[in-house]
Amino acid sequence: MSLVIVGDTLLDRDVEGSVHRVAPDAPAPVLDEEQVRERPGGAGLAALLAAASGQQVALVTALADDAGGARLSELLTAAGVQVYALPMPGPTPEKVRLRAHGQVLLRLDRGGAPRPPGEVPGAVLDLLRDATAVLVSDYGRGVARHPDLRRALKETRAPIVWDPHPSGPQPVPNARLVTPNAAEVRKLAGDAGGGGSTLAAAQRAGHVLRQHWRAGAVVVTCGAEGAVLCHSGPTPLVVPAPTVVAGDTCGAGDRFAVTAALALADGALVSEAVQRAVAAASAYVAGGGVTALLEPHDETAGSRERIGADEAGRLAAETRSRGGTVVATGGCFDLLHIGHLATLRAARKLGDCLIVCLNSDNSVRGLKGADRPLNGEIDRSRLLAALDCVDAVVIFDEPTPEAVLTWLRPDVWVKGGDYDSVPETELVERWGGRTVIVPYLDGRSTTRTIAAAQAATTRR
């Protein structure tokens, strides 16, 4: 598989620091710089994301003949991206973000107004002709507007995914999929992009833009609300986001477009490509966004279930490193019912991740008797891990979760039900944690469910 990405590349710099005071000469926070990170932005970030998936990736972009251009070429090449550079007049465009505790305080843009890039090398035209799929990642600085590139894009047989920009040109006709976000749609579609609910506006504008652009399909990405796919039929496909997590969304659109392009290159239907893209973008934000790209990580982490002590410990450490709150709860969860779900959802809202401490089969037998559990610990843990409100599951073998709590050290320990006191409270307070109780739905319990099933069987 060979994915070709065409578009504008910028140099992104994140200046991380802490704020402890206000400047004496101006009403502005003072950022004490602690770390500076550089990465490719724009189409360069899309190429970085695609290369991280292990695919062969080529990037057609414009690079300036300056230190910033050299740095971009170095970063991209080190990531395994094949760079095909057009000459760029003027300096490298840069975006500098000043950040403290995960929040952007200020963004500084450098590089001035965009200028048309220079001549397209013949090797680029050959590259586009032989591509398996093409992603146009337009950031409005001129690469997607180049007449020779547009001519080659019209002639390629590869499926094209076009990620548009309000300041850029319209997609070439017959692009397989165009991926504007909701904010871009409001600018691109005029009156059709405003008014009504997000779904109504996305559907209305998506159909208008699809016809205007003569595209195969338009998918409007709506952040935590998922995506709305508008195709030739009158009824859109609405794909909800599987995980709704507050986080840095920088690059989520690139993650979406890259995943869709790779899926189409693999022969997927457009509807299948959009579903994969929504899942990937959601996981990207939940996993720390663009910041996580710069940290050492396991390439399979996004696709595996977070079950076991290693996974729970890693998640807790990642959450704390971002200044987040680790929440934990525990139980047997033998027959998962609506009462459990209510407790888990309430617990998840108390912090930035929820880890479930699950009694093992031996532990359940010791607590409930020889005829329990009805479901084994592997099935119970996988079912819990599949819930969108659960971020990790760790199984413990003791009668109580004290041992696992001692090394997990959650910031909040949650119990569901009607308790006067919680036995683990004193333990949790040793490291400054707190214990809370959340309401439990009356009349829902595993024991009662089993008894009702047994009674029904007896009556038969």
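These are my notebook entries on a predicted model, taken topic by topic.

**Ground rules**

I number residues from 1 along each chain as its sequence is written, and I use heavy atoms for side-chain values, with hydrogens and water left out. Because the model is predicted, local features need pLDDT of at least 70 and side-chain atom pairs count only at pLDDT 80 or more, while totals for chains, interfaces and linings use all residues.

**Whole chain**

I looked up the secondary structure and found 16 helices and 18 strands. Helices here are DSSP runs of H or I with at least four residues, strands are runs of E with at least two, and both are numbered from the N terminus.

I then checked burial: 48% of the 460 residues count as buried. Buried means under 20% relative accessible area, exposed over 50%, and partly exposed in between, with a 1.4 Å probe and protein chains only.

The chain exposes about 21,900 Å², and carbon and sulfur atoms supply 50% of that area. Accessible areas come from the Shrake-Rupley method with a 1.4 Å probe; for residues, only the protein chains shown count as cover.

For contacts (heavy atoms within 4.5 Å), I took pairs at least 6 apart in sequence; 66% of these join residues at least 24 apart.

**Nonpolar cores**

A nonpolar core is a set of buried Ala, Val, Leu, Ile, Met, Phe, Trp, Tyr and Cys residues joined through side-chain atoms within 4.5 Å. The largest one has 38 residues, and V4, V6, L128, V134 and L149 touch the most other members. I followed L128: leaving aside neighbours within four places in sequence, L128 is in contact with V4, V6, V134, L149, A152, L153 and T156. I also noted a second, separate core of 37 residues, which includes A43, L59, A261 and A263. In soluble globular proteins, nonpolar side chains tend to be buried together.

Strands β6 (residues 94-100) and β7 (residues 103-110) run antiparallel and are joined by 7 bridges. Two strands pair if DSSP finds at least two bridges between them. I find V96 opposite L108 of β7. The two strands form a hairpin with 2 residues between them, and H101 in the turn has a positive phi of about 55°.

**Second largest pocket**

A pocket is an open set of points on a 1 Å grid over the protein atoms alone, where a 1.4 Å probe fits and protein lies on both sides within 12 Å along at least five of seven lines; lining residues have an atom within 4 Å of a point. I recorded a volume of about 1,000 Å³ for the second largest pocket; a volume is the space filled by probe spheres set on the points, which are joined across faces, edges and corners. Its lining has 42 residues, of which N181, T249, G251, A252 and G253 lie nearest the centre. Elements giving two or more residues to this lining include β2 (9-22), β3 (29-42) and β6. α8 gives the most, with 5 residues.

**β14 and its surroundings**

Strand β14 (residues 326-331) has 5 of its 6 residues buried. It pairs with strand β15 (residues 353-359) in the parallel sense over 6 bridges. The bridge partner of G331 in β15 is L358.

I next looked at W413, in strand β17 (residues 412-416). W413 has a relative accessible area of 0% and is therefore buried. The C-alpha atoms of W413 and T329 are separated by 5.7 Å, though the residues are 84 apart along the chain. Not counting residues up to four places away in sequence, W413 touches residues including A328, T329, G330 and C357.

D397 is in the loop between β16 (392-396) and α14 (402-408). D397 counts as partly exposed because its relative accessibility is 46%. Its C-alpha atom is separated by 8.8 Å from that of L358, 39 residues apart along the chain. Beyond four places in sequence, D397 touches S360, N362 and S363.

**Backbone exceptions**

Most residues other than glycine have a negative phi, and most peptide bonds are trans.

- N174, in the loop between β9 (160-163) and β10 (177-178), has a positive phi near 70°; at 66% relative accessibility N174 counts as exposed.
- F333, in the loop between β14 and α11 (338-348), has a positive phi near 50°; F333 is buried, with a relative accessible area of 10%.
- The peptide bond from R372 to P373 is cis, with omega near 5°; P373 lies in the loop between α12 (361-368) and α13 (377-385).
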